[in-house]
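Good morning, everyone, and thank you for making time for this. I would like to walk through a few side chains slowly, so please have the sequence and the structure open as we go.

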Amino acid sequence: MKQKTTAILSAAVLALGVTGTAQAGTLEDVQSRGVLRCVVSTGVAGFAQPDANGVWGGFDVDFCRATAAAVLGDGGKIEAVTSTGKTRFTKLNAGEGDVLWRNTTITFSRDVGVKLRFHGVNYYDGQGFMVKKSLGINSAMDLDGASVCIQTGTTTELNLADYFSSNGMKYEPVTIETNDEARQNYESGRCDVYTTDASGLASTRSALPDPDAHMVLPEIISKEPLGPATRQGDDLWSDIVTWVLNATITAEELGVTSANVDEMKGSNNPEVRRLLGVDGSQGQELGLSNDWAYQIIKQIGNYGEIFERNIGVNTPLGIARGLNAQWTDGGLIYSPPFR
Amino acid sequence: MAQNQAKQAYSPGTHPDLPPPVRTTGVLGWVRKNLISSPLNIVLTLASIWLLWSIVPPALNWVLAEAVWSADTRKECWALMGAPRDGACWAFIRGSFKLFVYGWYPEPERWRVNLTFLLFAITIFGALRENIPGKKYWLMFATAFPFIAAWLLLGGFGLTPVGTQKLGGILLTLVVAVTGIAFSLPIGLALALGRRSKLPALRAVCVIFIEFIRGVPLITLLFVASTMLTYFLPPGSTFDLLMRVLIMVTLFASAYIAEVVRGGLQGLPSGQYEAADSLGLTYWKAHRLIILPQALKISIPGIVNTFIGSFKDSVLVLIIGMMDILGLGRARLNDPEWLGLAPELYIFISLFFFISCFGMARYSLSLEKKLQTGHKY
């Protein structure tokens, strides 16, 4: 009896698995639906947030629009599938979203264990510290004995403990739940230091009454490479997402912007001509139209434009390029060539 | 002379009552009795006055006097007050107000939402008023309302279809809460009767259902709805997320309502059941005419308590990424132009929930008073 039940169950699982691999063509699905569904966060300042009319904007959302511009020819045809940190991967794996652009750190366990495909890094983040300038501290090594505001149950908590113990320092944790709570505690002086990812520190700092009285210390104590993800098992779709990201990066490196993209079509540089679909048939090889990258840059812009528009130094967040500068400027942003 | 006359005018025991001493009546009497009746009370009164004095004026100052009602960014808002955070920046709430109410509901179709809100108000008014002509029709309309609302909001049959992912903000909160409340009462009632049924199979099913649902936190059920179900269903077949959540919220509230109603049924003296039997009434007639009207009356406070609970529980859907009023508000807090205005947002949301829940509580009180017949069991 028991054996029979097991047999039926495993047959059912097998049947599910079979149908699961059968629906592979995400590209056809998206094109026939006419809308790209991106898994985005429920709100991370500068990366994904709704404006007063409910239109989603931000760094990650712009990359989602870039994907839509490449696949559908129109960056406006997106649908934001909002997900919390706990539900994001299930939403993607269950097919409720086509691609995940949701400031997600690439790790071994997520790549292998959760069975995702990652496609490169669109933002290099890392855990940092913010202090009041009046404390006169210039380095994280001076933080011995400080009280630190820290979000509970996150990797930042573990990183902090590791960093302090390996440097033989002590700290007093003030545990908090959200960014806003942290800001309140930090503002009222319940903690001397606030630690979280550098992008989060930037938004917290910009929301303080006097941002210039506070500084982010130079030490970055963890690696948080953020990037897009797709489901395993759809190689064409994975290639598309990979090269959408690479197209924005290459465009910046080659000096192609949304303003000059039409002129650049007449450029003599063969890589520019291949990128914009003047020569070659790279778009068709991806199953897209040949002007896919042209559409991305025309409608959304290159990597640098996306960065500056959403989180750059002229936005309220005021994040400098830092590690996210082009490799030619001493950063880590680097795309394989379009050849 | 006058005194003499007064003394003579009354025989002993017929003197009309004199007014009570001035110090024991009116404002003065109230103050003496309630505020300064003993040294301890004097101290407590002074402490309370000091506390109110140090809290209320600054709070009013922040909420009203220093508040800024129109600005385009937080920076502009803070520039308009003495110093940052001196006053509330209501401009943030005002600017996003439509989003908070309608969510992503398409602009040209919003009249449908307004109509739904209006019908909802009419339904509540009609169904809750006791002395209204044509009560029967009002109740029929109230029963039909959830279906009319679903048609208006989601479209189809002549209206442009609107996907459930377009619902957000207060609209989504009300959809989740009202659906849970409206459907949990009949389901809960059926479960309560089922649990007391003499048919063992039916009773077992009801007991298992109630105990299982009550033994699991709502959050868990929501996670099951949002993540597990998609694994159980065949891939590719999408079963609307909102639908899944509504079913879970309704089942959860039903289990609690069932136990509240069962409490009411058990609180009824057995004489009532025996009286119904002795009249030769069938099970259904006995319940409709004798048992349930009384049992439900006893259960009103518990039922309303459960309603208020499920209304507030509806915000838990934000954990699975749905944009109800709290989820949407928190998302808006991340607008780089408006960072750091959490107090304003949470005050606004608390006000919305307070008004809704306080309204329900007051209505239940008035209903209890109206149905009060003097029977105490």
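Is B:Glu211 buried, partly exposed or exposed? Before I answer, please keep in mind that what you are looking at is a predicted model. B:Glu211 counts as partly exposed, because its relative accessibility is 35%.

The side chain of B:Glu211 meets that of B:Arg214 in a salt bridge, with 3.3 Å from N to O. Both belong to helix α10 of chain B, which covers residues 200–214, and because they are three residues apart there, about one helical turn separates them. As a general point, side chains of opposite charge can pair when their charged atoms come close.

B:Arg214 is itself partly exposed, at 32% relative accessibility, and B:Arg214 also forms a salt bridge with B:Glu259, at 3.6 Å from N to O. B:Glu259 has a relative accessibility of 14%, and so it counts as buried, the cut-off for buried being under 20%. If we step back, these residues take part in a network of salt bridges that links B:Arg195, B:Glu211, B:Arg214, B:Glu259 and B:Arg262.

Now let us move to chain A. Over all chains the count comes to 20 salt bridges, and one of them is formed by the side chains of A:Asp262 and A:Lys298, at 2.9 Å from N to O. Here too the pair links distant parts of the chain, with A:Asp262 in helix α10 (residues 261–264) and A:Lys298 in helix α13 (residues 292–299) of chain A, 36 residues apart. A:Asp262 counts as partly exposed at 39% relative accessibility, and A:Lys298 is partly exposed as well, with a relative accessible area of 36%.

My last stop is A:Thr82, which sits in strand β4 of chain A, residues 78–83. With 11% relative accessibility, A:Thr82 counts as buried. Which backbone oxygen does the side chain of A:Thr82 reach? The answer takes us across to chain B, for that side chain reaches the backbone oxygen of B:Gly321 at 2.6 Å. Leaving aside neighbours within four places in sequence, A:Thr82 is in contact with residues of both chains, including A:Val40, A:Trp56, A:Lys91, B:Gly321 and B:Met323.

How values were computed:
Residues are numbered from 1 along each chain as its sequence is written. Chains are lettered from A and ligands numbered from 1 in the order in which they are written. This is a predicted model: local features need pLDDT of at least 70, side-chain atom pairs count only at pLDDT 80 or more; totals for chains, interfaces and linings use all residues. Side-chain values use heavy atoms; hydrogens and water are left out. Helices (H or I, at least four residues) and strands (E, at least two) are DSSP runs, numbered from the N terminus. Buried means under 20% relative accessible area, exposed over 50%, partly exposed in between (1.4 Å probe, protein chains only). A polar contact is a pair of N or O atoms within 3.5 Å; within protein, one must be able to donate a hydrogen and the other to accept it, and residues adjacent in sequence count only if both atoms are side-chain atoms. Contact means heavy atoms within 4.5 Å. A salt bridge is a side-chain nitrogen of Lys or Arg within 4 Å of a carboxyl oxygen of Asp or Glu.
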